Amino acid sequence: MKLFYKLLRDIKQSAGQFLSFVLVIAVGSFFYTGLATLSNNLSTYTEAYFEEHNLSDLNIFYREISLEEIAKLRHMEGIQKLEGRYTIDASEAFEGYQTTLKLHSIPANNDINTLAMIEGNPPASKDGIVLDSRYAKEHHYTIGDKVVIQVNNKELKFTISGLGENVEHTKKNSTQDHKNYGVAYVAEESIAEIAGRLFYNELVVDAKEGYDIHQLGRSIEEQSAGLSYLGQESKESLFSYSLLKETLHNNGLMSKVIPLVLFLIEAIILFLAMSRMIESQRNQVGIMKALGVKNSSIMLHYMGYPVLVGIVGAIAGYVVSALVFVPYIEMSNARSYSLPGIQFALTYHLIVPPIIVSSLFGVLACYLSGRKLLKERAAQAMRPKPPKSMKAIIIERIPGLWSRLPYSYKLVFRNIFLNKRKVLASSVGVMVSTILLITAFGTQASLQKVAGQFQQVYTYDLRVDYKTEEALNEAELPAGIKSHYALSVMPIALKAGDQTEKASLVVTEKDNGLVHFYDEKDNPLYLNDQGVFVPKSYADHYNIAAGDTIQIVFSGAEMGDKAVEMKVLQISTQYSTPSFYVTPDYLSSFGVAYKPTTLLVKADPSAQLESVRSYFQQNQDVVSIYDTDDLRKEARYILQQNSFVFIMFIICAVILSFGAIYTISSINIFERNRELATLKVLGYYKSKIYRLIFSENVIITTLAVLVAFPICGYVYELVVKALSSTHQQIPDQLNIGIVLMAALAAYCLTIAANLMLRRKVSRIDMIESLKGLE
């Protein structure tokens with residue numbers, strides 16, 4: 001117990017150092033518990049959710065297929081179950097805008113892609129409908145309300161029988177815009193009323209366990225010869241499923257890499273601190289040995305310090321994570337995906353790894369530092385450690401330089417070169433923290449660049465979407481329009497070997513001045529009739545370069561899965577919602593007609609934009625209208641979804657950097673008490689002693705920053721690759737400004753640590769420090 005009281009007294013005497021240790025460990029515990037909770041809960045939930053509601057392995061598309069034709073396919077090898085349904089895009093009109101509804105019929109005895117009902121029941125008659133709960137919430141719908149939807153050029157009235165979500169639509173669009181886009185389900189009896197007669201245009205397939213999905217897809221395509229087969233889509237290429245899997249992969253990677261880096265910094269700081277703490281208390285070790293305390297008890301006494309620090313720090317990080325991180329990921333996940341009933345809760349076992357990792361390195365440091373000291377006799381241990389023999393340092397050998405240096409600088413350089421290993425080890429903690437700062441600043445700048453590109457690329461005031469190409473009449477436009485350009489968006493798939501990736505092909509005039517293109521160096525690119533612009537996100541993933549030929553498959557119902565080979569004109573940087581771009585003339589060279597359904601409008605500065613917008617709102621053929629506010633909304637969505645983690649990452653990197661600098665400086669002062677007391681006796685003012693310590697810490701920080709510069713680029717590149725995908729490109733925004741900003745932050749933290757340690761220097765008792773050993 002006396003040794004335990006001594007441990008508490010040691011903590012009290014160096015409360016700042018103990019607190020810095022606790023903060024460093026709390027940072028690692030905070031990120032580990034938060035990211036592990038996100039990764040584990042999301043992974044466990046989605047796996048159970050997909051299994052419970054039986055997400056289809058394949059979706060097969062036809063112009064139309066009958067029950068008899070479906071029955072022939074049911075007995076194919078590899079099919080566990082097969083269901084037919086009718087799928088069509090519908091719309092709903094509101095005051096000032098129209099929404100898009102993806103409408104599915106529910107097959108009889110539905111076992112694939114089953115609904116997760118939030119409220120109410122599935123439709124029991126042909127006039128019943130189930131809306132997705134998020135869309136219903138946006139429009140204040142409740143069970144029993146009537147909805148009127150436009151489908152196949154006619155209006156149909158339905159009664160809401162229930163609200164729910166479906167496993168196939170965990171993510172409905174890139175920004176989860178529930179106001180303008182929703183999903184609805186109707187009974188099979190409603191197909192005849194919607195389509196005019198009963199038929200299906202989509203099959204959902206549940207494959208047998210372990211069966212090759214690609215082989216099954218090829219077999220179904222062969223068996224569909226003679227039918228109005230259009231194409232197919234595997235589960236892995238579904239928009240929502242692929243994005244969710246990508247999120248799970250990134251979260252899993254982040255939950256391992258970020259805590260590992262943070263624990264590594266903790267380990268370095270703890271290892272340095274504990275080894276030097278034991279060395280600084282060698283006389284107390286000698287006294288304990290002289291009093292008859294066993295070597296094992298002394299060792300356990302010092303090992304108790306990192307264990308206590310680890311427990312307190314891990315608990316602190318766990319509590320902060322429960323209060324800050326978990327509520328955020330619940331809110332963020334609700335914004336990103338439609339996963340009914342998912343909950344994020346910290347489990348107590350997550351607190352164990354931070355305690356073990358932090359304690360392990362601290363205990364190891366104690367053992368390696370203490371075993372040699374404990375082998376010494378008590379009388380030997382109570383004596384001061386013999387000073388190292390001095391040799392001429394490198395600077396002294398430079399003719400004329402050493403003699404011109406002030407004496408205080410000679411003291412600084414001698415101390416650094418006398419303890420080269422200590423200085424190098426001290427620099428490691430600061431170096432890794434600086435790398436974290438640079439990476440965090442760079443990634444945050446990248447996200448801001450992604451959000452800012454919308455206004456750089458799209459300079460229109462309004463985007464007007466029409467029902468059909470015939471409805472778009474450019475001759476009948478209101479006054480006050482400065483310029484306008486038409487375009488169309490076609491669903492396509494990029495085929496690269498055995499891989500198929502869904503994408504969008506935008507067709508527009510080559511002189512469209514409201515959509516701009518840039519290469520990776522922000523140089524403008526110009527569309528022409530000789531090829532296709534490929535987004536850099538797809539080009540990086542599939543190793544596509546300018547001049548290559550790529551295979552494009554038109555997956556629209558009218559195109560019949562037509563495949564063409566297009567020449568790559570340029571690689572275009574499109575950070576969010578990337579698309580392929582061609583001109584109408586280049587498209588027509590493949591026998592594909594250009595049918596524009598969208599109009600981009602730039603209003604005259606002197607005109608009232610609201611009057612122009614009002615004109616289009618009154619047009620019955622207009623499906624939707626988007627303006628610059630919608631672009632800003634998408635930009636804000638990107639920042640909101642990603643900023644929190646990196647802001648917290650920056651804060652934690654700052655805490656780690658400060659903890660490393662403060663701890664190293666604190667131990668440095670403690671070790672040099674006798675030397676600093678000697679300087680005070682010799683008449684050095686406190687301010688001069690402060691400058692000595694400050695100069696030494698600045699040199700250590702400078703060394704760390706210089707080493708961090710070449711390494712940070714590699715670490716940043718790894719983070720960017722982990723966050724990038726075919727659906728989102730993260731630009732490389734690491735530049736000299738960001739690096740210098742991180743370096744400046746490191747120096748500011750060094751200054752702050754030194755200011756906080758001034759009191760330690762001023763409180764050095766000269767007599768006690770000089771006579772304590774005697």
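Arg 85, Glu 168 and Glu 202 are joined in a network of salt bridges, where a salt bridge means a side-chain nitrogen of Lys or Arg within 4 Å of a carboxyl oxygen of Asp or Glu. Before I go on, this is a predicted model, so local features need pLDDT of at least 70 and side-chain atom pairs pLDDT 80 or more, while totals for chains, interfaces and linings use all residues. Residues are numbered from 1 along each chain as its sequence is written, and side-chain values use heavy atoms, with hydrogens and water left out.

The structure holds 15 salt bridges, so let me show you a few more.

Here is Asp 111 with Lys 81, closest N and O atoms 3.7 Å apart. Asp 111 sits in the loop between β4 (97-106) and β5 (115-120) and Lys 81 in strand β2 (residues 79-85), so the pair ties together parts 30 residues apart in sequence. Strands here are DSSP runs of E, at least two residues, and helices are runs of H or I, at least four, numbered from the N terminus.

Next, Asp 461 meets Lys 602, at 3.9 Å between the closest N and O atoms. Asp 461 is in the loop between α13 (420-457) and β12 (462-466), and Lys 602 in strand β21 (residues 598-603), so this pair ties together parts 141 residues apart in sequence. Buried or partly exposed? Asp 461 is buried at 17% relative accessibility, while Lys 602 is partly exposed at 27%; buried is under 20% relative accessible area, exposed over 50%, partly exposed in between, with a 1.4 Å probe and protein chains only.
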